[in-house]
Amino acid sequence: MAVADRPKDASCEEKKVAVHGAATVRFEHRHGETRLATLYHHDPLRVLMPTPRRDDLPIAVLATTSGGMVGGDRMDIGLSVGPGARALVTTQAAEKVYRSTGSDCRIDTLLSAEDGAWLEWMPQEAIVFEGSRLRRRTRIDLSGDGRVIAGEMLVFGRAAFGETVTRGLIRDAWEVARDGRLIWADALHLDGDVAEALAHPAGLDGAAACATLLHAAPDVARRLDAVRALAEPLEGARIGATALDGLLVVRILGGDARAVRSAYAALWSGLRAEAAGLPARLPRLWEM
């Protein structure tokens with residue numbers, strides 16, 4: 001029997017191998033300055049270490065070399081700063097989450113800031129395609145008076161192609177703990193008929209994108225008025241901010257993804273200046 005004539009056996013069919021990328025980055029304060037202490041990455045994640053701008057923090061950049069995530073792919077990211085260290089971590093470009101035939105994509109990120117440390121985690125947006133399935137979880141573990149600014153942004157579909165998201169799975173969950181005590185947990189969960197939740201006035205009310213910006217620090221209540229003042233002149237997005245139990249939470253929602261991204265970036269750069277005396281500017285990659 002010719003090979004082409006053999007009956008197909010399910011056990012012999014080619015199976016897709018899911019991608020499992022990983023990245024671990026740790027900074028420590030040594031000899032009077034912040035230095036890279038641990039660096040590990042596994043395909044398709046890569047960690048780049050560009051030269052920081054003058055008077056700014058050491059910076060690490062995560063890049064996904066596969067060009068995006070498909071069903072079954074997983075990314076595990078661990079970012080930490082030791083006592084007294086200060087660092088910024090961002091991503092090279094927007095993350096694309098492609099249509100899935102059934103399996104979920106997973107992104108698990110663990111952020112850790114020890115006593116006296118400062119960590120910024122500000123990835124660029126994740127673009128979820130029609131029919132994609134994304135489960136993303138971000139956990140922040142704080143020790144002592146460690147401080148963090150962290151954010152995530154979701155864009156629903158490719159506006160340039162006229163794409164809208166009507167089905168799939170989007171679960172975006174957060175957990176924040178200080179000294180082992182959970183102080184905040186939150187999850188956005190859209191499953192099945194995503195279009196209804198995106199369009200409903202009591203849901204996302206026609207939003208093309210949304211973002212969450214967090215600042216965890218013992219004195220965040222003092223920053224609330226400043227953040228609201230930063231938000232007031234921003235146009236094209238609805239912005240709300242509140243402070244509770246050592247955590248400042250900012251929500252951004254808008255019908256234009258570019259306006260949401262602009263507001264997200266403006267609030268981040270203003271907040272880092274207000275809270276830590278850092279330059280009110282973005283990494284170069286954000287300005288390209």
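Which residues lie nearest the centre of the largest pocket? In this predicted model, select Thr64, Thr91, Ala93, Ala94 and Glu95, which lie nearest that centre among the 23 residues of the lining. The space in this largest pocket comes to about 330 Å³, and by class its lining is made up of 11 nonpolar, 7 polar and 5 charged residues.

Next, colour the strands β4 (59–64), β5 (74–81), β7 (95–97) and β8 (105–113), each of which supplies at least two residues of that lining; β4 gives the most, with 3 residues.

Move on to the second largest pocket, where about 240 Å³ of space lies, and select Leu188, Leu204, Cys210, Thr212 and Arg251, the closest to its centre of the 16 residues that line it. Here the lining divides into 10 nonpolar, 1 polar and 5 charged residues, and at least two residues come from each of β12 (147–156), β13 (167–178), β14 (181–193), β15 (209–216) and β17.

From there, follow β17 (residues 247–254) to its antiparallel partner β16 (residues 238–244), with which it pairs over 7 bridges. Ile239 stands opposite Ile252 in β17, and in the hairpin, which has 2 residues between the strands, Asp245 takes a positive phi near 45 degrees.

Finally, display helix α2 (residues 224–231) and helix α3 (residues 257–276), whose axes come within 10 Å and cross at roughly 145 degrees, in a right-handed crossing. Show the side chains of Ala226, Val227, Leu230 and Ala231 on α2, together with Leu267, Gly270, Leu271 and Glu274 on α3, to see the residues that make the contact; by class, these are 6 nonpolar, 1 polar and 1 charged.

Methods:
Residues numbered from 1 in each chain as written. Predicted model: local features only at pLDDT ≥ 70, side-chain atom pairs only at ≥ 80, totals over all residues. Heavy atoms only, no water. Axes fitted to C-alpha atoms, helices over the stretch in contact; angles between N-to-C directions. Helix = DSSP H or I, 4+ residues; strand = E, 2+ residues; numbered from the N terminus. Left-handed = near helix turned anticlockwise from the far one by under 90°. Contact = heavy atoms within 4.5 Å. Nonpolar A, V, L, I, M, F, W, Y, C, P; charged D, E, K, R; others polar. Pairing = 2+ DSSP bridges. 1 Å grid on protein atoms, 1.4 Å probe; cavity = no way out; pocket = protein on both sides within 12 Å on 5 of 7 lines; lining within 4 Å. Points joined across faces, edges and corners; volume = space filled by probe spheres on them.
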